[in-house]
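Please look over the sequence and the model shown below before reading on. The report that follows goes through the overall fold, a pocket and several individual residues.

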Amino acid sequence: VAFAAARDGNFFPVFAKVHPTKHFPHVAVLMVGAVAVPFCFFSLGQIVNWLMQVQILMVFVWQCAGVVFLHRYRKDLPQPFVMWLYPLPAFVSLALWLYIFFTGPTEGALFSLGYLLAGWAAYLVFRRRVPAAA
């Protein structure tokens, strides 16, 4: 993923490098390995719990918010579908996802917040180095 994103200009260019003789994305492969090694020291149960909490924080919470924001602020887009009792289902879903997130392991919540902050920081660094296309 890092190689494809870098090749398309959506990630740091160093990850688009291909090994000169073996013809594979060596920098991206080494990065994935380096990031994966620390997780070998945790149990599978811990990893699954943490990844579920990451998924909740990075995807499900923002989907609930996205439904409301899209409906409220982007009236110019076609919105052919109707959510019954809008926005109640989005808010109930948000409350339930947050409940699952905060009742999970504290380490997983901290890992998820760290993951979110690291992603945000990487995005800011990337945008500073590679200006957005006009």
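## Starting from one residue

Where does asparagine 10 lie? Asparagine 10 is in the loop between helix 1 (2-7) and helix 2, where helices (H or I, at least four residues) and strands (E, at least two) are DSSP runs numbered from the N terminus. Leaving aside neighbours within four places in sequence, asparagine 10 is in contact (heavy atoms within 4.5 Å) with Ala5 and Phe126.

The model is predicted, with local features needing pLDDT of at least 70 and side-chain atom pairs counting only at pLDDT 80 or more, while totals for chains, interfaces and linings use all residues. Residues are numbered from 1 along each chain as its sequence is written, and side-chain values use heavy atoms, with hydrogens and water left out.

## Overall fold

The protein has five helices and zero strands, and its pattern along the sequence is α-α-α-α-α. The radius of gyration, taken over C-alpha atoms, is 19 Å, well over the 14 Å that the globule rule gives for 134 residues, so the protein is more spread out than a compact globule; the rule is 2.2 Å times the number of residues to the power 0.38. Along the principal axes, the C-alpha trace spans about 60 × 45 × 25 Å.

Of the 134 residues, 16% are buried, where buried means under 20% relative accessible area, exposed over 50%, and partly exposed in between (1.4 Å probe, protein chains only). Among contacts with a separation of 6 or more, 51% are between residues 24 or more positions apart.

## The largest pocket

The largest pocket holds about 400 Å³ of space. A pocket here is an open set of points on a 1 Å grid over the protein atoms alone, where a 1.4 Å probe fits, with protein on both sides within 12 Å along at least five of seven lines; lining residues have an atom within 4 Å of a point. Grid points are joined across faces, edges and corners, and the volume is the space filled by probe spheres set on the points.

The residues lining this pocket include Met31, Val35, Ile47, Met58, Phe111 and Tyr115. Helix 2 (26-36), helix 3 and helix 5 (106-129) are the elements that give two or more residues to the lining.

Glutamine 53 is found in helix 3 (residues 44-73) and is buried, with a relative accessible area of 3%. Not counting residues up to four places away in sequence, glutamine 53 touches Phe101, Gly104, Pro105, Gly108, Ala109 and Ser112.

Cysteine 64 is also buried, at 9% relative accessible area, whereas cysteine 40 counts as exposed at 63%. A search of the whole structure finds zero disulfides, a disulfide being a pair of cysteine sulfur atoms within 2.5 Å.

## Backbone details in the loops

Histidine 23, in the loop between helix 1 and helix 2, has a positive phi of about 60° although it is not a glycine, and it counts as exposed at 61% relative accessibility. Leucine 85, in the loop between helix 3 and helix 4, has a positive phi near 60° and is exposed at 66%.

What kind of peptide bond joins tyrosine 86 and proline 87? The bond is cis, with omega about 0°, and proline 87 has its place in the loop between helix 3 and helix 4 (88-103).
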